[in-house]
Amino acid sequence: MAALADSLRARGDEELVALLRARPDLATPPPADTSVLATRAGVRSSVARACEDLDSFTLSTLEALVLLDADAAPVPLDAVAELLGAEVTPQRTRRSVADLRLRALAWGADEELSVVPAVRESLPTFPAGLGRPAEDMTEAAAHTALAALDQQERDLVGKLAGDQPVGSTKDAGRNFTLADAQTPVQRLLAKGLLLRRDAATVELPRQLAFAVRGAHPMGAVEPEEPLLDLADLGQSTVDSTAAGEVLELLRHLESLLHLWSEEPPDVLRSGGVGVREIRRAAKALEVDESRVSLLVELAVAANLIASSEGNEPQWMLTYGADTWLAAGPEQRWAPLASTWLDMPRLPGLIGARDEKDRLLGPLSEDLRRPLAPRDRMRILSLLDELPGGHGVRKPDDAAAVLAWRAPRRGGRMRDDLVRWTLSEATALGVVALGALSTAGRAALFGDTSQAAKLLGEALPEPLDHVLVQADLTVVAPGRLEPDLAADMELVADVESAGSATVYRVSDSSVRRALDSGRTADELHALFRDRSRTPLPQSLTYLIDDVARRHGRLRAGTASAFLRCDDSVLLEEVLAHPSIGELQLRRIAPTVLVSPLPLAEVVDALRSAGFAPAAEGPDGQVLDLRSEGHRVRGRGRTAPAPSPGPSAPDEEQLTELVAQLRSGDRAGTARRGSAMHPERGRPSAEATLQLLRDAAVQDRSVWLGFVSSNGVASQVVVQPVSVGGGVLQGVDRGTGEPGRYPLHRITSVAVVEE
């Protein structure tokens with residue numbers, strides 16, 4: 001590591017800043033000098049972390065250096081280029097080596113490149129799928145031996161020359177002669193063309209693999225990033241498509257909130273929500289279960305749904321959900337998009353199984369992944385690089401590019417993460433047709449208010465009219481004004497949704513509107529004023545017929561009462577076989593009472609085929625629809641910090657480099673015997689006197705110093721004054737003035753110039 005320290009010491013300040021920017025873990029805590037920096041740069045964990053940021057070809061270059069044993073002795077750049085293959089240009093190899101030098105994974109001139117020893121431990125056991133070299137085999141001998149193999153032996157050698165040069169065989173522990181050998185493995189062992197790793201494993205010598213691979217010693221090497229197959233869609237097309245997805249998402253989420261407001265599902269002991277509840281919601285919303293699972297994850301993450309307290313907790317709406325439901329589409333969407341981007345969970349895992357073969361459901365703790373926000377940002381940043389209005393045709397193409405850029409990121413789910421992220425982003429309207437929407441790009445960079453504004457501009461203008469059809473369906477050819485949308489949801493049921501929503505008016509929907517307090521005249525006026533098509537007589541008849549039957553029975557509380565001017569109808573109610581459970585009792589020729597709650601009386605009468613209307617204390621129609629259950633939300637949690645140290649800013653990096661220079665100067669300064677001050681003892685007085693004498697004599701001193709962060713360092717200082725418990729002086733390494741509290745000085749020595 002001394003050679004690496006010398007190489008780092010010879011770098012310019014800008015180069016050191018670039019190193020610390022590329023590998024921020026090296027700067028925490030601040031290294032005392034370049035030797036400490038070099039030691040950290042060679043630590044296995046730091047090297048492994050640095051390798052995660054290397055692209056595919058740079059990793060191949062690093063593997064080539066390891067195959068050439070550059071961790072033991074310097075190797076020339078030409079040997080690296082030769083190993084990478086004839087199709088790779090020297091300029092491309094030189095660029096990748098420059099990247100390795102920048103990150104302090106390699107150093108030295110082109111004629112003598114070296115790598116830190118920990119690189120070998122951080123790479124796969126078999127770099128480029130190559131095994132160990134055979135000690136007594138030359139390249140020429142390997143080609144000759146390969147040419148002499150029969151077809152079976154050649155097939156076996158070709159297989160081992162792929163990604164894994166080792167294979168299992170029971171013959172590995174036995175010695176064979178050519179006369180005794182019966183199988184291809186036995187013959188290759190007898191010829192010395194397979195190496196024995198242990199009693200059950202053989203390994204293909206590296207020279208023989210080179211002979212099989214020919215002009216590609218390291219196999220398939222990709223020197224350049226794969227090209228994306230792009231579609232020129234136009235930004236307006238992308239934005240309008242994304243706006244349609246947003247409206248669909250908001251409609252589904254609103255329906256889910258209303259559903260769970262009435263019937264909140266139980267919280268499982270594992271903390272999630274049951275499969276039956278997801279299926280029930282999917283059926284009610286007429287969507288698939290994966291869509292419902294994403295909606296549930298979003299609703300909980302955005303604090304629209306939370307777990308209640310108690311022995312039997314349930315997933316209930318929060319008070320914040322009411323505010324969200326009352327907001328406009330753009331104000332609803334923006335916090336959802338922001339929540340999803342910061343959500344430390346992977347909804348894409350829902351439906352998979354864990355290590356114990358247990359099904360992973362929505363809100364399961366096993367879906368928590370702290371790195372999920374970082375991965376989303378990396379994937380969506382690829383789309384941000386594309387020209388406006390251009391999209392990726394296939395998610396697999398994006399996965400291939402990201403795999404080339406960082407093949408060691410993402411683990412076994414690397415490509416799945418790309419597909420999941422693009423699918424979820426499309427569902428949220430952040431992405432449409434494989435391209436970033438304008439509002440999605442603003443949300444990606446944290447500008448929530450601007451994202452809401454841009455979405456509002458992309459949304460179609462709300463309509464103030466509908467089209468009533470002869471079959472009692474009502475077509476909304478686009479997004480409706482909020483008050484009209486509320487009226488239509490009250491008086492009709494959604495039959496199909498999309499860019500145009502189709503509602504159906506029925507007996508039950510008209511009765512629902514009348515139950516809410518609307519009159520028949522108001523419903524006639526609603527359709528007359530809002531429909532651009534003539535009203536069919538069937539709709540008029542339907543409203544009048546339901547209204548004529550509606551409210552003939554008037555229900556109140558006694559706990560509840562039932563009154564009707566038609567005594568014959570009351571007799572019919574009393575005689576009905578399923579009404580006995582209401583415990584009705586006549587208290588007047590036109591009045592019945594029940595001890596049951598009003599809502600139960602009304603529901604039972606409706607189930608029996610009657611059409612009662614609930615009545616309030618003032619005699620007006622009473623709306624009995626439940627407002628649902630609510631709990632206090634826990635507040636949106638802050639995004640989980642990414643593991644590892646955060647990257648210092650440019651000012652901090654510049655200061656760190658200055659400290660390194662100062663530490664190097666202090667480490668090389670010739671100094672006399674050091675004094676170690678101790679409070680209240682003669683050595684402390686002697687130290688104070690030494691500093692004062694140095695200030696008077698204009699001599700530099702070497703200080704051992706501990707910063708306020710507890711970091712020990714060494715510095716050479718030109719004292720200016722000593723007093724008030726502080727040494728004021730000039731750092732000889734940086735030329736900057738500084739203050740050094742005396743109680744933080746651990747040792748002092750005069751520098752011998």
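Leaving aside its neighbours within four places in sequence, which residues is P719 in contact with? The model examined here is predicted; local features need pLDDT of at least 70, side-chain atom pairs count only at pLDDT 80 or more, and totals for chains, interfaces and linings use all residues. Residues are numbered from 1 along each chain as its sequence is written, and side-chain values use heavy atoms, with hydrogens and water left out.

P719 is in contact with L691, A694, A695, R699, S700, V701, L727, Q728 and G729, its neighbours within four places being left aside. Contact means heavy atoms within 4.5 Å. P719 lies in strand β23, residues 712–723. Helices (H or I, at least four residues) and strands (E, at least two) are DSSP runs, numbered from the N terminus. P719 counts as buried, because its relative accessibility is 4%. Buried means under 20% relative accessible area, exposed over 50%, and partly exposed in between (1.4 Å probe, protein chains only). P719 and P737 are separated by 18 residues in sequence and by 9.7 Å in space, C-alpha to C-alpha.

The chain as a whole comes next. Its secondary structure comprises 30 helices and 26 strands. The radius of gyration of the protein chain is 38 Å, whereas a compact globule of 753 residues would have one near 27 Å. This radius is taken over C-alpha atoms, and the globule rule is 2.2 Å times the number of residues to the power 0.38. Along the principal axes, the C-alpha atoms fill a box of roughly 115 × 90 × 50 Å. Of the 753 residues, 46% are buried. Among contacts between residues at least 6 apart in sequence, 65% join residues at least 24 apart.

Helix α25 (residues 520–530) packs on helix α26 (residues 537–549) at an angle of about 160°, and their axes are 10 Å apart. The angle therefore makes α25 roughly antiparallel to α26. Axes are lines fitted to C-alpha atoms, for helices over the stretch in contact, and angles run from 0 to 180 degrees between N-to-C directions. Angles under 35 degrees count as roughly parallel, over 145 as roughly antiparallel, 65 to 115 as roughly perpendicular and the rest as oblique. The crossing of α25 past α26 is right-handed. A crossing is right-handed if the near helix is turned clockwise from the far one by less than a right angle, and left-handed if anticlockwise. On α25, the contact is made by A520, L523, H524 and F527; on α26, by L539, T540, I543, D544 and A547. These contact residues divide into six nonpolar, two polar and one charged. Ala, Val, Leu, Ile, Met, Phe, Trp, Tyr, Cys and Pro count as nonpolar, Asp, Glu, Lys and Arg as charged, and the others, Gly among them, as polar.

Helix α25 also has a part in covering α23. The buried residues of α23 (residues 482–491) are L484, A485, D487, M488, L490 and V491. Their cover includes β13 (473–476), β15 (501–504), α24 (507–515) and α25.

Most residues other than glycine have a negative phi, and most peptide bonds are trans. A cis peptide bond joins T28 and P29, with omega about -10°. P29 lies between α2 (13–22) and α3 (34–41). N303 has a positive phi near 65°. N303 sits between α15 (289–301) and β7 (305–307), and is buried, with a relative accessible area of 18%. D357 also has a positive phi, of about 65°. D357 is in the loop between α17 (329–342) and α18 (372–384), and counts as exposed at 51% relative accessibility.
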